[in-house]
Amino acid sequence: MAAALTACSGSTPASADTAANKPDISVNLQGKQAKAGSPVEVKLADGKLKQVTVADSKGTKLTGKVAANGKTWTSDRKAVPGTSYKVQATTDEGGSARTSFRTAAPEQVNKLSLTPGKDTTVGIAQPLSVVFDHPVKNKADIEKHLKVTTSNDTTGSWGWIKNYDGKDRIDWRPKDYWKSGTKVKLAAQLGGVDSGTGGGWFVRDYVTGFTVGKSQKVKVDLDSKQATLVRDGQSVKTVPMSAGTPGGDKASWGGTSVLMAKEGTINMRSETVGLGDAYDKMVDNSMRLTWSGMYAHAAPWNASYFGNTNHSSGCIGMSDGDASWLYGQVQVGDPFEVSGSGSKGVPDPGNGYGEWNISWTDWQTKSALS
């Protein structure tokens with residue numbers, strides 16, 4: 001039998017047939033230009049609601065709860081901009097009603113990039129990193145919708161920073177390096193959330209997950225000019241190297257950087273890192289450590305300096321054989337811990353993944369919810 005259902009926003013619902021199978025129900029969103037960004041609320045005039053289903057055109061449902069008095073159902077999530085919804089409600093007396101509405105399209109959509117990629121295996125220092133296309137003013141609200149779960153209840157925190165390109169970014173790093181074998185999942189439940197002025201709306205959710213691989217790191221000693229791969233606390237191999245020339249822009253970054261990518265053979269040009277026309281080379285076994293251009297790589301032209309002098313333009317250079325070996329051993333997300341004298345300090349958190357150079361206490365203060 002047909003059921004009467006009215007949709008209104010802040011107004012008294014139109015009267016409906018009071019028969020049990022024709023309940024008098026109202027919805028707070030109506031029409032084809034309903035305002036997004038608020039939960040869907042369904043109200044029943046008489047009797048009690050038994051079940052309410054609100055689903056978009058793809059069949060994705062908004063979960064929700066019926067109030068204790070049975071008169072109101074409210075969705076857990078907010079209505080997403082530019083989305084059509086169908087509403088179906090049933091009462092404890094067997095009545096049912098349907099309606100539909102569409103939210104207004106957003107003037108601007110915000111999107112994001114997630115690192116690491118889904119179903120990847122990464123090193124023990126890899127953070128979860130979210131970079132936004134547009135500015136984020138409502139940082140606390142956004143952060144509330146980012147849900148991290150781990151297989152071993154790892155302690156960690158979100159922190160807001162600026163990416164190297166100036167975009168807003170939020171990273172989740174554990175208090176200490178990940179334990180090998182940890183499984184991590186991020187559910188970014190952002191559909192229907194407003195970034196704030198200049199940022200736009202999110203119109204979808206995002207999910208990613210990864211597994212932590214081998215427990216290993218590379219220790220780079222600027223004083224001894226040696227690089228050592230350490231796995232499970234044991235030194236695997238030490239190789240001679242030559243790092244950046246101390247005392248200026250060509251010095252290497254100190255502290256901890258995280259292997260961002262294994263880029264293989266690439267063209268390196270000094271002009272791209274502000275060093276004029278000092279070099280233009282094809283470089284093998286390139287392992288990126290910062291956005292600003294610090295790599296570990298093969299540097300056969302510097303062979304006379306390996307193990308005795310830091311004389312590069314900022315990178316960690318090794319022989320062809322040693323660089324090839326290390327390239328085959330490391331995994332994206334491995335930390336490179338650079339110690340010793342002659343560095344130019346530590347990279348900013350957004351210059352690659354430099355958050356490991358911030359104390360745990362200070363990192364926690366970068367959360368918008370701290």
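This is a predicted model: local features need pLDDT of at least 70, side-chain atom pairs count only at pLDDT 80 or more; totals for chains, interfaces and linings use all residues.
Local features need pLDDT of at least 70, side-chain atom pairs count only at pLDDT 80 or more, and totals for chains, interfaces and linings use all residues. Residues are numbered from 1 along each chain as its sequence is written, and side-chain values use heavy atoms, with hydrogens and water left out.

Four strands make up the open sheet, in the order β1-β2-β6-β5 and with antiparallel pairing. Strands here are DSSP runs (E, at least two residues), numbered from the N terminus, and two of them pair if DSSP finds at least two bridges between them. β1 (25-27) and β5 (64-66) sit at the edges with a single partner strand each, so one side of each has no neighbour in the sheet. β1 and β2 (residues 39-44) run antiparallel and are joined by three bridges; S26 has K43 in β2 as its bridge partner.

Turning to the annotated residues, the unreviewed UniProt entry marks H297 and C315 as "active site"; such annotations may be inferred rather than shown by experiment. The two are spread over 19 residues of sequence but cluster in space, with a largest C-alpha distance of 7.5 Å.

H297 is found in strand β23 (residues 295-298), while C315 lies in the loop between β23 and β24 (316-318). H297 counts as buried at 6% relative accessibility, and so does C315 at 11% (buried means under 20% relative accessible area, with a 1.4 Å probe and protein chains only). Not counting residues up to four places away in sequence, H297 touches several residues, including M268, D284 and C315, where contact means heavy atoms within 4.5 Å.

Notes
Buried means under 20% relative accessible area, exposed over 50%, partly exposed in between (1.4 Å probe, protein chains only).
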